[in-house]
Amino acid sequence: MHLKYESQLREPLVYGHKTFAQVTEDIVRPIEAKPSKLWYVGFYIAVCLLMFGVYSVYRDVTYGIGQWNLNKTIGWGWDITNFVWWVGIGHAGTLISAILLLFRQGWRTGVNRAAEAMTIFAVMCAGQFPIFHMGRVWMAFFCLPYPNSRGPLWVNFNSPLLWDVFAISTYFTVSLLFWYSGLLPDFATVRDRAFTKLRKRLYGIASFGWTGSTKHWQRHESLSLVLAGLSTPLVLSVHTIVSFDFATSVVPGWHTTIFPPYFVAGAVFSGFAMVQSLMIIIRKVFGMEDYITMGHIEAMNKVIVLTGSIVGIAYLTELFMGWYSQNKYEGYTFWYSRAYLFSPYGWSYWGMMACNVISPQIFWFKKMRRNLVVTFFMSVIVNIGMWFERFVIIVTSLYRDYLPSSWSVYYSPTTWEIGFYMGTFGLFFTCFFLFAKYFPVIAIAEIKYVLKTTGESYKEKMHHLEHVPAEVFAHSGHGHTTVENGGHN
Amino acid sequence: MAKKKFVVASFDDEDVLFPAVKKARTAGYKIQDVYTPFAVHGLDHALGMRETSLHTAGFIYGITGTTTALSCITWIFTKDWPLDIGGKPHFALPAWIPIIFELTVLFAAVGMVLTFCYLCQLAPFVKKHHFHPRATDDLFVMVIECNDKTNVDDLVGFMKGTGAVEVDVQVAEEGWWLGRYDKDEVLFEHKTVAA
């Protein structure tokens, strides 16, 4: 038995007196069983949404982005709003898998796999918007620097939009590698339990021939740790760079130095809300209550109330600076276009305030943090609020700036703009349903690793051991402390 | 690759495994490998393995990314395509930091994962010999290589004495080859686990 001491006050991360074999059984069962009716219904709806999105994008590509209601000053509307929203959602996955790994937060093991999958699918959805916003999408490769025959002609390395190309593509690649390298051992587990030839073959290919050799594990641990160390500044840089798209401009409402931390906090906020929504569904549908415990839900709600409050402070700081700078354009944007309820877009600002700042305060109460219905409801509210935030930032800043003569008409989206957004929901959930069916949704090997220190039965055993005199614990050397006979006399 | 004889001892608890590893090494047996369902910390030291240098490789890849980004952008913006943007300097380092950073991370991550796969010889369609199908489930499988001088019966008895739950002798080819897992493996039979 490990003698790493875990406080008895901490609740177990894995309930139900599990053995290693049971952990495998519990997590692999949904992959091996036939999907439920609910799965088929959900998958069908997701594919329908995706098809609607494909048709909307088809119209956009065929007829041009005149299919959208973008106008003279509002060159970015729902498309970039949705882009920033999806990228933000992706951030929670990396935060859970990388930053919490570096901070040694044991509870991340229950949720990291699904959260990382969410990151990858969210970034895939996000990428669609800038790509199709280009209009002539078959020229999308023009945004990569490559030697070409048009004379010396390169992309502009001083432009935040190009930084974004690098940031998003790096983020996607690194997240995918991190996720897949963690999946290798779990695919091997599924492969070695396969009961049909096809399963054995496919999971055999997916597992890359993983054996579980000690040397491989040693390298795997080193790889995970360094990838976590790389992903941590990466995830902060990605949303910082997304915020540079706005902050480096001279548009009132965008030109603020507070944007990077404010965007990162907002991203983590919305991402955790999305993880909550998905986790609550997964634990219910697959019966994973022993692994995704109330402790997990509560920990994530604490992150939500923290980041929501950071975002709230950022909103107030902006309002303060709108007055304190005594810049009439800034003052107009913040105090009239946004904060004045009866201005054309005032409703979106107050919607954002209600969803992001006021309602998450409910999580100061422990009872609320541990209430599934409240948590699920709040997770949806927070994501609506964060969508409003991006909409407020983009549209209210663009529709009225310096010259009243160039103020634009009221912008509202067309069916095809909404269809594109719905389509990314379809893409996201289609991927997520397939992931939930064919991939281990919880990191099996990592759960087994924490089982002996934080599993329920081991916690109880440890509780009895607290009354055993210290001399019983013999040090066996090699950096590993063991008690033979389990310490029982 | 030539076939060799191995004694395969399976343990169901890593706390029995550690003393067994120690005893086997003290007795002078050559442990080919220990296959575990998860990363057992300290087992690499117990087996006398040296630390991996994968992180050093990652550092080198990262530096390569930094240099690549910096040198390429510098050449493009000062030599090949010097744009006059409001009279600002062509060598605009602060504006390049984001891309330099991203490429550092990208090179380090991709390089490390490829190196990891190369060192461990992991790739799609690669097939390896698995000594025990439950090594990825709940057993810790210690594999001891036999040579001409090894008394196999003694070794089997020795391993049973260390607390192994299963000991058997296998003749196998180590290493890897291109192949499919469904060709010759015995399929898994569902066992029910008491809840």
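Me: Let's start with α3(A) and α13(A). Are they oblique to each other, or parallel?
Reply: This is a predicted model. In it, the axes of helix α3 (residues 78-102) of chain A and helix α13 (residues 372-399) of chain A cross at roughly 140 degrees, so α3(A) and α13(A) are oblique to each other. Those axes come within 9 Å.

Me: Which hand does the crossing of α3(A) past α13(A) have, right or left?
Reply: The crossing is right-handed.

Me: And which residues in α3(A) and α13(A) meet?
Reply: From α3(A), Ile80(A), Thr81(A), Val84(A), Trp85(A) and Gly88(A) take part. They meet Met386(A), Trp387(A), Arg390(A), Phe391(A) and Ile394(A) in α13(A). By class, this contact has 7 nonpolar, 2 polar and 1 charged residues.

Me: How does α8(A) lie against α13(A), what angle do the axes cross at?
Reply: Helix α8 (residues 259-285) of chain A crosses α13(A) at roughly 140 degrees, and the axes come within 8 Å. That makes α8(A) oblique to α13(A). The crossing of α8(A) and α13(A) is left-handed.

Me: Which residues of α8(A) and α13(A) make that contact?
Reply: On α8(A) they include Gly266(A), Phe269(A), Ala273(A) and Ile280(A). On α13(A), Leu372(A), Phe376(A), Val380(A), Met386(A) and Glu389(A) are among them. The contact of α8(A) with α13(A) has 9 nonpolar, 7 polar and 1 charged residues. Met386(A) also belongs to the residues of α13(A) that meet α3(A).

Me: Changing topic. How many residues does the contact take from chain A and from chain B?
Reply: It takes 65 residues from chain A and 68 residues from chain B.

Me: Which elements of chain A give two or more residues to the side that touches chain B?
Reply: They are α1 (20-32), α5 (160-192), α6 (197-206), α7 (214-247) and α15 (444-454) of chain A. α7(A) gives the most, with 16 residues.

Me: How does that side of chain A divide into nonpolar, polar and charged?
Reply: The side of chain A that touches chain B has 29 nonpolar, 24 polar and 12 charged residues.

Me: Now chain B. How many helices and strands are there?
Reply: Chain B has 5 helices and 6 strands. Along the sequence, the pattern is β-α-β-α-α-α-β-β-α-β-β.

Me: What share of chain B counts as buried?
Reply: Of its 195 residues, 34% count as buried.

Me: And what part of the contacts in chain B joins residues at least 24 apart?
Reply: Among contacts between residues at least 6 apart in sequence, 82% do.

How values were computed. Residues numbered from 1 in each chain as written. Chains lettered and ligands numbered in written order. Predicted model: local features only at pLDDT ≥ 70, side-chain atom pairs only at ≥ 80, totals over all residues. Axes fitted to C-alpha atoms, helices over the stretch in contact; angles between N-to-C directions. Helix = DSSP H or I, 4+ residues; strand = E, 2+ residues; numbered from the N terminus. Parallel < 35°, antiparallel > 145°, perpendicular 65-115°, else oblique. Left-handed = near helix turned anticlockwise from the far one by under 90°. Contact = placed C-beta atoms within 7 Å. Nonpolar A, V, L, I, M, F, W, Y, C, P; charged D, E, K, R; others polar. Buried ≥ 20, exposed ≤ 12 C-beta atoms within 10 Å, placed from the backbone.
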